[in-house]
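Work through these exercises with the structure open beside you. Try each task before you read its solution.

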Amino acid sequence: MTGDDPREERGPEFEFDSDSDLEDEGEGEDERAGLRTDGGAAGADDVALDPWGSSTVSDYRKLFEEFGIEEFDDVLPEVPHPHYLMRRGVIFGQRDYRPVVEALQNDEPAAVLSGFMPTGDPHIGHKLVFDEIIWHQQQGADAYALIADLEANSARGMSWEEIDEHARSYLLSLLALGFDPEDGDLYRQSTNREVQDLAFDLGAEANFSEFQAIYGFDGETDVSHMQSVVTQMADILYPQLEEPKPTVIPVGPDQDPHVRLARDLAERMRFFKVSTAYASFELDDEERDLVARFHEELDPADFNDDQLRCVHVAETLEETPLAELEIDAEVLDSVLTKLNEAGMEPLRPRIRFSDRRATEDAFDALIDAIDGEKRVYENHIDAFDIDRADAEELAREIEVDNGGYGFQPPSSIYHRFMTGLTGGKMSSSVPASHISLLDDPEDGYDKVKSATTGGRETAEEQREKGGKADECPVYELYAYLLAGDDDEFAKRVYDECVGGERLCGDCKEQAAQLMKEFLAEHQEKRAEVEELLEQADIELESPRRR
Ligand code: TRP
Ligand code: SF4
């Protein structure tokens, strides 16, 4: 996903209407059909990627098409021991996750980080993210979990008392589910000075117009809210402070605007931009592809010359019909202008290191470090005997040696939102719609028993046509949580449901029972990790009271 200028990835607006249904998602052919669910949010109205708005997505395809989130399935085969949430398509999307996968495969440094706004009780939606962090930790990544207390205070107006209470509860659940606090890092935004310093630094590369475009901020938006955005940017890049490394941010797709901005800022903080060039002028990606093609094909002898020159390519391009080039007329025009202006300049591929925010020392150090033929200009260096990957590595090394961050663009993975048990969306203001990790096990049982289902009007009809597991919040509970690592069990529930062998009454009874057991066990574990939390390196009480 990283083009030369990642800024181009971002569209100007984030809201879109959802007008297509999920009927034809075509999971039927998939071998894992029984393990996958569409998230069941069919029928929701507008979809907005709004980090502070309501979290529903009714059409996941739009996230791929309009926002450039990539399918998780593209990387799944390479993931070592994939988590069941990955196998079942609950984790459905990703941005640039491959570097993290490769690092995990090769035992190289990698990190995972996510943050939690302590605005209420942790619920089964948070459990997805806890599990994702823990899984990455178990695969060898440095794991970070943070309490977004500054954000809760500024964007949600939570008091510090409430924040402390909820923060503690999130952390207990995280530890109870298996996070190792001795090996991983926990922090709260308000007491992490390094994060705040980094946030300030990053703020220098972002401006208000951009926040306006991304988040819809306006003249009435308070400044603390904006600060909480740069703080989150700093959170996301924090694992790389010690050393740049592939880092994954597991979140819901509502956080994608933050991820994109963080990827942009990571890039903008870099000392050097590394690109491929063919002559003294700059080319964009499309233009470069065109020139590369002709550079490849043309022979200087055909022009009675010993070197291929810019004019040669220009001449050839002018003679080639536009249809054959398969590009827009404007692209051609722009390339021709550049080539003709460069005239007799030889056309030679090279790696270009452009100075973005390098110090003078860093620029000089880079000049010294480049082996082979090189040309130094005011704001860039062209190198002729180095390949792209080595160049990237060298640029990062010089940057880090000279006091820069050398950030790698952070990666992300996205999970589906769970449907509310009462249909519609899961909402913390409707207790019956969601299950809190603190719910009394009996209440959890009752909530599942009264959940809506994808069942038919009558038992006969259900036996005949089968249930609609794909639209059933109870099936989701099985797939997202209750079946745990047992794919066969999840598949059996699915197959029996759609095959008409499973009826909703019994199915809910089984789910309710499993939920009761899960809650009881989880709460027991929470009690057991109290001490572990006390010993962990995180302040549980904020010194702030206002
Ligand atoms: N904004 C996130 C939320 O609303 C919380 C958060 C803060 C976060 N910093 C983060 C999430 C860094 C992921 C990574 O829940
Ligand atoms: Fe849902 Fe179970 Fe009914 Fe199928 S049988 S629709 S999975 S409750």
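## Exercise 1: the open sheet

Start from one pair of residues: in strand 7, Y187 is the bridge partner of L146. Keep in mind that this is a predicted model.

**Task.** Find the order of the seven strands in the open sheet, and its edge strands.

**Solution.** 
- Step 1. Strand 6 covers residues 142-147 and is joined to strand 7 by four bridges. The two run parallel.
- Step 2. Extend to the whole sheet. The order is 3-4-13-8-5-6-7, and the pairing is mixed.
- Step 3. Look at the two ends of that order. Strand 3 (70-71) and strand 7 (185-188) are the edge strands. Each pairs on one side only.

## Exercise 2: strand 13 and its neighbours

**Task.** Describe how strand 13 is joined to strand 4 and to strand 8. Then decide whether strand 13 is enclosed or open to the outside.

**Solution.** 
- Step 1. Strand 4 is joined to strand 13 by four bridges, and the two run antiparallel. R95 stands opposite S412 of strand 13.
- Step 2. Strand 8 (residues 247-251) is also joined to strand 13 by four bridges, but here the strands run parallel. V248 stands opposite S411 of strand 13.
- Step 3. Sort the side chains by face. In a regular strand, side chains alternate between the two faces of the sheet. In strand 13, S411, I413 and H415 are on one side, and S412 and Y414 are on the other.
- Step 4. Check burial. Buried means under 20% relative accessible area. Five of the five residues of strand 13 (residues 411-415) are buried, so this strand is largely enclosed by the rest of the structure. Both of its faces are covered.

## Exercise 3: helices across the sheet

**Solution.** 

## Exercise 4: I538

**Task.** Place I538 in the chain. Is I538 buried or exposed? What is I538 in contact with?

**Solution.** 
- Step 1. I538 lies in the segment after helix 22 (530-535).
- Step 2. I538 has 12% relative accessibility, so it counts as buried.
- Step 3. Set aside neighbours within four places in sequence. I538 is then in contact with I147, L171, L186, Y187, R188 and L533.
- Step 4. I538 and N192 are 346 residues apart along the chain, yet their C-alpha atoms are separated by 9.7 Å.

## Exercise 5: nonpolar cores

**Task.** Describe the largest nonpolar core, then a second one.

**Solution.** 
- Step 1. The largest nonpolar core has 74 residues. F72, Y97, L186, Y478 and M515 have the most contacts inside it.
- Step 2. Helix 19 (residues 473-482) gives the most to this core, with eight residues.
- Step 3. Follow M515. Not counting residues up to four places away in sequence, M515 touches I435, G444, V448, L477, L481 and L482.
- Step 4. A second, separate core has 46 residues, including I69, L150, M158 and A266.

## Exercise 6: around ligand 1

**Task.** How many residues surround ligand 1? Find polar side-chain atoms that lie 2.8 Å from a nitrogen atom of the ligand.

**Solution.** 
- Step 1. Ligand 1 is surrounded by 14 residues. M117, E151, Q232, D235 and Q255 are the closest.
- Step 2. E151 has a polar side-chain atom 2.8 Å from a nitrogen atom of ligand 1. D235 also has one at 2.8 Å from a nitrogen atom of the ligand.
- Step 3. For Q255, the distance from a polar side-chain atom to a ligand nitrogen atom is 3.1 Å.

Technical notes. Residues are numbered from 1 along each chain as its sequence is written. Chains are lettered from A and ligands numbered from 1 in the order in which they are written. This is a predicted model: local features need pLDDT of at least 70, side-chain atom pairs count only at pLDDT 80 or more; totals for chains, interfaces and linings use all residues. Side-chain values use heavy atoms; hydrogens and water are left out. Two strands pair if DSSP finds at least two bridges between them. Buried means under 20% relative accessible area, exposed over 50%, partly exposed in between (1.4 Å probe, protein chains only). Contact means heavy atoms within 4.5 Å. A nonpolar core is a set of buried Ala, Val, Leu, Ile, Met, Phe, Trp, Tyr and Cys residues joined through side-chain atoms within 4.5 Å. A residue is near a molecule or strand if one of its heavy atoms lies within 4 Å of it. A polar contact is a pair of N or O atoms within 3.5 Å; within protein, one must be able to donate a hydrogen and the other to accept it, and residues adjacent in sequence count only if both atoms are side-chain atoms.
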